[in-house]
Amino acid sequence: MLTIQSQLLTELSAMMTVLLSTTKMLTIQSQLLTELSAELTVLLSTTKMLTIQSHFTDNFSGLLLSFL
């Protein structure tokens, strides 16, 4: 009986170790996805700003050419 309990505790300990390892990996993945999301948001914002600047430059160039 004690031998069976010892084996079960050993197996339980191994399973808990795997679970802990998996939980740590999921936490790291979650943190990486959060950072990636933030970086993509900045990239999107920058792209929008560059698009607006490009339109402004095009309009400004058109105005300058109309005065020349």
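1. Phe56 and Phe60 sit four residues apart, about one turn, within helix H1, where a helix is a DSSP run of H or I with at least four residues, numbered from the N terminus. This is a predicted model, in which local features need pLDDT of at least 70 and side-chain atom pairs count only at pLDDT 80 or more, while totals for chains, interfaces and linings use all residues. Residues are numbered from 1 along each chain as its sequence is written, and side-chain values use heavy atoms, with hydrogens and water left out.

2. The structure holds one aromatic pair. The rings of Phe56 and Phe60 have centres 6.1 Å apart and planes at 10°, so the pair is stacked (rings of Phe, Tyr and Trp, the last by its six-membered ring, pair with centres within 6.5 Å; planes under 30 degrees apart count as stacked, over 60 as edge-to-face and the rest as tilted).

3. Phe56 is exposed at a relative accessible area of 58%, whereas Phe60 is partly exposed at 44%; buried means under 20%, exposed over 50% and partly exposed in between, with a 1.4 Å probe and protein chains only. Of the 68 residues of the chain, 0% count as buried.

4. Helix H1 covers residues 2-67, and the chain has one helix and zero strands, strands being DSSP runs of E with at least two residues. The radius of gyration is 29 Å, well over the 11 Å that the globule rule gives for 68 residues, so the chain is more spread out than a compact globule; the radius is taken over C-alpha atoms, and the rule is 2.2 Å times the number of residues to the power 0.38.
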